[in-house]
Amino acid sequence: EEKVALQHALGINPGWSEARRALAEVCERDGDFEASREHLVVAVRHQPLDAFNHGCLADILWKLKDRLAAIQSVERALRLNPEYGWGWRALAAWSPSTGSSSRALELAREFTRTRGG
């Protein structure tokens, strides 16, 4: 019923990020990670400046073992919202497995150089 209700809501407003992320979560709970990824790609397409969309996409990409894409997506999330705590924790945890153990630190330093305040 939850899935049907979310699909109906998205039929009315396909760009509603919260509903799209909720539907992706339902798909993930059902074990359909590919469907979850597809919903999150659509969410990012509709709302490209929503850091949480990028973070959720990064999380599912990581679970699908698309490590490089997951890192890129979480970095986009952090560029949109540098105060996104989950993003920093994910980047710090994931970076060592991609051969760049200090990526979170490098990004933080870049922000201090390029962002005022």
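What share of contacts in the chain between residues at least 6 apart in sequence join residues at least 24 apart? The share is 42%, where contact means heavy atoms within 4.5 Å.

1. Basis. This is a predicted model in which local features need pLDDT of at least 70 and side-chain atom pairs count only at pLDDT 80 or more, while totals for chains, interfaces and linings use all residues. Residues are numbered from 1 along each chain as its sequence is written, and side-chain values use heavy atoms, with hydrogens and water left out.

2. Overall layout. The chain has seven helices and zero strands, giving the pattern α-α-α-α-α-α-α along the sequence. Helices (H or I, at least four residues) and strands (E, at least two) are DSSP runs, numbered from the N terminus. The C-alpha trace spans about 45 × 30 × 20 Å along its principal axes. Of the 117 residues, 41% are buried; buried means under 20% relative accessible area, exposed over 50%, and partly exposed in between (1.4 Å probe, protein chains only).

3. Helix H1 (residues 2–12). Its buried residues are Leu6, Ala9 and Leu10. They cover an arc of only 95° around the axis and therefore lie on the same side of H1; the arc is that of the directions from the helix axis to the C-beta atoms. Val4, His8, Gly11 and Ile12 are exposed on the other side. H2 is included in what covers the buried residues of H1.

4. Helices H2 and H3. H2 (residues 17–29) and H3 (residues 33–46) pack at an angle of about 170°, with axes 7 Å apart. Axes are lines fitted to C-alpha atoms, for helices over the stretch in contact, and angles run from 0 to 180 degrees between N-to-C directions. The two helices are therefore roughly antiparallel, a label for angles over 145 degrees. Residues making the contact include Ser17, Arg20 and Leu23 of H2 and Phe33, Ala35 and His39 of H3.

5. His39. This residue of H3 is buried, with a relative accessible area of 18%. Not counting residues up to four places away in sequence, His39 touches Arg20, Leu23, Ala24 and Cys27.

6. Glu75. Glu75 lies in helix H5 (residues 67–80) and is buried, at a relative accessible area of 13%. Its side chain makes a polar contact with the side chain of Arg103 (2.5 Å). A polar contact is a pair of N or O atoms within 3.5 Å; within protein, one must be able to donate a hydrogen and the other to accept it, and residues adjacent in sequence count only if both atoms are side-chain atoms. Leaving aside neighbours within four places in sequence, Glu75 is in contact with Leu91, Arg103 and Leu107.

Definitions and conventions: Parallel < 35°, antiparallel > 145°, perpendicular 65-115°, else oblique.
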